[in-house]
Amino acid sequence: MLSLERRAVDSRAMQWASPLLALILTIITGMGIFMALGKDPVEGLTFFFLTPLSDKHGWAELGLKMAPLLLCAAGLTICYRAKLWNIGAEGHFLMGALWASVAALQLGGQSGPWVLPLVLIAGMVAGAVWALLAGLLKTQFHCNEILTTIMLNYIALNLLLYAVHGPLKDPYGFGFPQSEMFSASALLPRLIPDTRLHIGLLFGLLAAVAVGVLFARTFIGFQLKVLGQDERAAAFAGFPAKRLTLLAFMASGALAGLAGASEVTGPLGQLVPQVSPGYGYTAIIVVFLGRMQAVGIVLAAALLALTFMGGEMLQIAMALPKAITGLFQGLLLFYLLTCDAFIHYRIRIRRAPKAVAGEA
């Protein structure tokens with residue numbers, strides 16, 4: 001019979017092989033799903049993983065979708081390394097998008113190089129304040145951050161919906177729930193001409209590197225790691241646990257808020273209800289798939305960005321539902337968590353005891 005046995009030492013090989021195994025299992029399961037739907041699995045996987053990157057515009061779109069994932073994932077990494085299970089990147093993102101839009105519309109009649117920085121800062125501050133609420137609930141009232149951040153996501157979404165259906169609604173938008181278009185001074189510059197890719201990708205790459213440096217080279221990063229590994233050891237060393245917790249939440253919120261601000265000032269140029277296809281939730285997968293390391297997060301963000309593009313391609317080419325994107329992302333997370341179990345455990349084959357001669 002098979003059983004799981006705790007390893008004496010965690011397997012480093014499995015730690016790095018687990019994401020690759022999870023991806024392979026996801027692809028195999030995806031082939032089975034295509035067959036069950038009556039579709040050619042090879043054609044389906046080609047449309048999902050390869051066709052979106054067949055030209056310059058496809059690569060530009062990949063970078064475009066990587067940008068918010070990188071920013072949200074970098075922020076979540078700060079919390080997760082401190083064992084603060086923040087599930088609220090989606091809410092931080094939405095609040096950043098909302099208040100950056102408010103700032104952009106209020107400054108609509110202004111021009112100058114200072115307009116865009118103010119708009120981005122408004123988004124970062126909004127994301128940080130929204131995350132601070134969850135941090136205060138944890139530090140002052142011992143509320144579980146998983147529950148509070150999830151619930152705050154829905155509050156943020158409904159505030160955004162209220163805004164685009166109410167005070168921020170474009171009076172000349174033919175009744176559609178959307179804001180007015182932002183002025184040129186409030187839009188991010190493009191990285192590649194004739195594409196939608198903007199400098200938000202540079203923000204994301206810089207954030208991933210900065211978080212890596214934070215934990216590798218700074219005392220605050222060391223304090224956060226100790227807090228995550230052993231809270232009692234952190235207290236014994238005199239590290240300010242409450243202050244570090246609030247700092248981690250605010251940094252996470254600020255980066256996700258910047259992602260939201262970059263989205264409305266980048267490809268959209270206005271606030272719409274569909275500003276996020278779930279970037280904040282997908283960033284959670286990016287963090288764990290990338291092993292909370294800068295290079296890993298960049299690679300994982302590219303893969304998850306490709307799932308958004310592949311899902312859109314399958315809708316067009318094979319008439320499959322939009323949910324196919326979430327299905328592949330969910331499979332990837334499921335297999336990743338399953339494979340991660342073998343970092344700490346291994347399979348043992350135990351033989352059944354032999355029957356004693358003469359026993360009935």
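**Close-up views of a predicted model**

The structure, a predicted model, holds eight salt bridges. The legends below take some of these pairs, then other parts of the chain.

**Figure 1. The salt bridge between Arg-6 and Asp-10.** The closest N and O atoms of Arg-6 and Asp-10 are 4.0 Å apart. Arg-6 counts as partly exposed, at 49% relative accessibility. Asp-10 also counts as partly exposed, with a value of 37%.

**Figure 2. Lys-65 and Glu-61 in helix α3.** The side chains of Lys-65 and Glu-61 form a salt bridge, with 3.7 Å from N to O. Both residues belong to helix α3, which covers residues 56-81. They are four residues apart, about one turn of the helix. An α-helix has 3.6 residues a turn, so residues three or four places apart point the same way. Lys-65 has a relative accessibility of 7%, so it counts as buried, the limit being under 20%.

**Figure 3. The salt bridge between Glu-312 and Lys-65.** Here the distance from N to O is 4.0 Å. This pair links distant parts of the chain, with Glu-312 in helix α12 (residues 294-318) and Lys-65 in helix α3. The two residues are 247 residues apart. Glu-312 is partly exposed, and its relative accessible area is 41%. Through shared partners, salt bridges join Glu-61, Lys-65, Arg-196 and Glu-312 into one network.

**Figure 4. Glu-263, a buried residue with no salt bridge.** Glu-263 lies in helix α10, residues 241-268. The nearest side chain of opposite charge is that of Arg-196, 6.7 Å away. A salt bridge requires a nitrogen and a carboxyl oxygen within 4 Å. Apart from neighbours within four places in sequence, the contacts of Glu-263 are Pro-68, Phe-93, Leu-268, Val-275 and Tyr-279.

**Figure 5. Ala-128 in helix α5.** Helix α5 comprises residues 115-141. Ala-128 has a relative accessible area of 10% and is buried. When residues up to four places away in sequence are left out, Ala-128 touches Met-250, Gly-253 and Ala-254. Pro-68 is 60 residues from Ala-128 along the chain, and the C-alpha atoms of the two are separated by 16 Å.

**Figure 6. Helix α11, a mostly covered helix.** Helix α11 runs over residues 279-289, and nine of its eleven residues are buried. The buried residues are Tyr-279, Gly-280, Thr-282, Ala-283, Ile-284, Ile-285, Val-286, Val-287 and Leu-289. Their cover includes helices α1 (12-36), α3, α4 (89-106), α10, α12 and α13 (323-344). Tyr-279, one of these buried residues, is also a contact of Glu-263. After α11 comes Arg-291, which has a positive phi near 60 degrees.

**Figure 7. His-142 in the loop between α5 and α6.** Most residues other than glycine have a negative phi. His-142 is not a glycine, yet its phi is positive, near 60 degrees. His-142 is exposed, with a relative accessible area of 71%.

**Figure 8. Phe-174 in the loop between α6 and α7.** Phe-174 has a positive phi of about 55 degrees, although it is not a glycine. Helix α7, at one end of this loop, spans residues 200-217. The relative accessibility of Phe-174 is 80%, and the residue counts as exposed.

**Figure 9. The whole chain, for orientation.** The chain has 13 helices and two strands. Its radius of gyration is 23 Å, close to the 21 Å that the globule rule gives for 360 residues, so the chain is as compact as a globular protein of that length. Along the principal axes, the C-alpha atoms fill a box of roughly 95 × 60 × 35 Å. Of the 360 residues, 49% count as buried. Among contacts with a separation of 6 or more, 78% are between residues 24 or more positions apart.

Key. Residues numbered from 1 in each chain as written. Predicted model: local features only at pLDDT ≥ 70, side-chain atom pairs only at ≥ 80, totals over all residues. Heavy atoms only, no water. Rg over C-alpha atoms; globule rule 2.2 N^0.38 Å. Buried < 20%, exposed > 50% of the residue type's maximum accessible area, 1.4 Å probe, protein only. Contact = heavy atoms within 4.5 Å. Lys, Arg positive; Asp, Glu negative; His and termini not counted.
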